[in-house]
Amino acid sequence: MTIAITGAAGQLGRLTAQLVLDRVSADEVVLVTRRPDEIADLADAGATVRQGDFDDPSSLAGAFDGCERVLLISTDVLGNRVAQHTATIDAAAAAGVGHVLYTSGENAGGTLPLVVAHEHGATEQAIRDRGLRWTALRNGLYAEFQVGAAARAFGSGRLVHNNGDGRTAYVSREDCAAAAAAVLTTDGHEDRVYAITGPELVSQADLAALVAEITGRPVEAIAIDDEAAAQALVDVGLPPEMARAYASFGTAIREGVLATVSTAVHDLTGREPRSLREVLEAHRSEIEESA
């Protein structure tokens with residue numbers, strides 16, 4: 001069984017590749033990336049590294065030759081991901097790949113978060129439309145993304161948000177990689193959806209309390225509305241459309257559409273997922289030093 005992983009030089013891609021290499025022979029692993037030089041160490045470990053750029057479909061010709069399973073890691077270019085992902089799916093289908101796994105997101109195909117939910121849903125559908133076996137790994141919001149929010153809250157004493165009283169189960173990138181590696185290297189996951197989440201639902205009030213406990217500095221959660229949240233992002237340089245898209249994560253949490261908690265990480269990996277507290281404690285020095 002030859003396995004391919006796209007975006008292998010990215011944070012999730014590299015973590016997943018390393019875990020897959022721990023589970024199967026290196027000659028069964030193909031890593032596809034725009035930046036082969038950045039994963040030279042994985043090539044030295046025996047993996048096959050191939051050049052591939054989602055924005056240049058011609059570069060994907062041959063990238064998946066001989067592969068039976070492909071992990072398509074979603075890109076970070078909001079608004080252009082459906083085209084990027086579809087080009088990759090088409091290249092995989094042309095190469096005879098039978099099974100595509102995709103790192104999707106909660107509420108894929110829904111209306112929130114803006115753009116993101118649509119792009120994930122459209123990508124999942126594109127895999128099915130080509131008659132391929134599929135697995136959707138619907139990753140929750142990364143716990144690591146809350147480190148920056150925690151640092152700002154530590155510095156100002158205020159955690160400003162538009163989540164209302166909503167909660168979501170932040171998941172560590174490490175757990176997402178472990179779940180992906182498990183599905184890639186075992187059988188029985190065809191045509192299934194897995195919600196990859198952390199162990200518990202957390203509100204912004206909970207996050208503020210965690211930051212205060214970990215750092216010893218009081219932090220107050222301050223709720224604002226969606227318009228103010230989007231404007232704050234515009235004020236720091238994001239284009240208005242992008243600002244609305246990112247602010248819609250708070251809207252989605254407030255409306256409860258990202259309030260999933262599952263046992264998938266434990267079921268797939270045999271261990272419990274890391275809590276948000278554990279992730280923040282691991283980054284405590286970063287939180288306090290960047291304030």
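Predicted model: local features only at pLDDT ≥ 70, side-chain atom pairs only at ≥ 80, totals over all residues.
1. Thr215 is buried, having a relative accessible area of 14%, and its place is in helix 7. Once neighbours within four places in sequence are left aside, Thr215 is in contact with Phe154, Arg284, Ile287 and Glu288.

2. Turning to charged pairs, side chains of opposite charge can pair when their charged atoms come close. A search of the whole structure finds 15 salt bridges, and three of them are taken up in the points that follow.

3. Asp90 and Arg130 form a salt bridge in which the closest N and O atoms are 2.4 Å apart. This pair links distant parts of the chain, since Asp90 belongs to helix 3 (residues 81–94) and Arg130 to the loop between helix 4 (116–129) and strand 6 (133–139), 40 residues apart. Both ends are described as partly exposed, with a relative accessible area of 35% for Asp90 and of 33% for Arg130.

4. A salt bridge also joins the side chains of Arg271 and Asp175, at 2.5 Å from N to O. Here again distant parts of the chain are linked, with Arg271 in the loop between helix 10 (264–269) and helix 11 (276–282) and Asp175 in helix 6 (residues 173–185), 96 residues apart.

5. The side chains of Arg277 and Glu213 meet in a salt bridge at 2.7 Å, N to O. Arg277 lies in helix 11 and Glu213 in helix 7 (residues 204–215), so this pair ties together parts of the chain that are 64 residues apart in sequence. Arg277 counts as partly exposed at 31% relative accessibility, and Glu213 counts as exposed at 52%.

6. Helix 3, which carries Asp90, has 14 residues and reaches 20 Å from its first C-alpha to its last, close to the 20 Å expected at 1.5 Å a residue. Its buried residues are Arg81, Gln84, His85, Thr86, Ala87, Thr88, Ile89, Ala91 and Ala92. These buried residues pack against strand 1 (3–6), strand 4 (69–72), strand 5 (99–105) and helix 4. Just after helix 3, Gly96 takes a positive phi of about 85°.

7. Gly110 is found in the loop between strand 5 and helix 4, and Gly110 is partly exposed, with a relative accessible area of 26%. Leaving aside neighbours within four places in sequence, Gly110 is in contact with Ala117 and His118. Gly110 and Leu233 are 123 residues apart in sequence, and their C-alpha atoms are 23 Å apart in space.

Key
Residues numbered from 1 in each chain as written. Heavy atoms only, no water. Salt bridge = Lys/Arg side-chain N within 4 Å of Asp/Glu carboxyl O. Helix = DSSP H or I, 4+ residues; strand = E, 2+ residues; numbered from the N terminus. Buried < 20%, exposed > 50% of the residue type's maximum accessible area, 1.4 Å probe, protein only. Expected span 1.5 Å × (residues − 1). Contact = heavy atoms within 4.5 Å.
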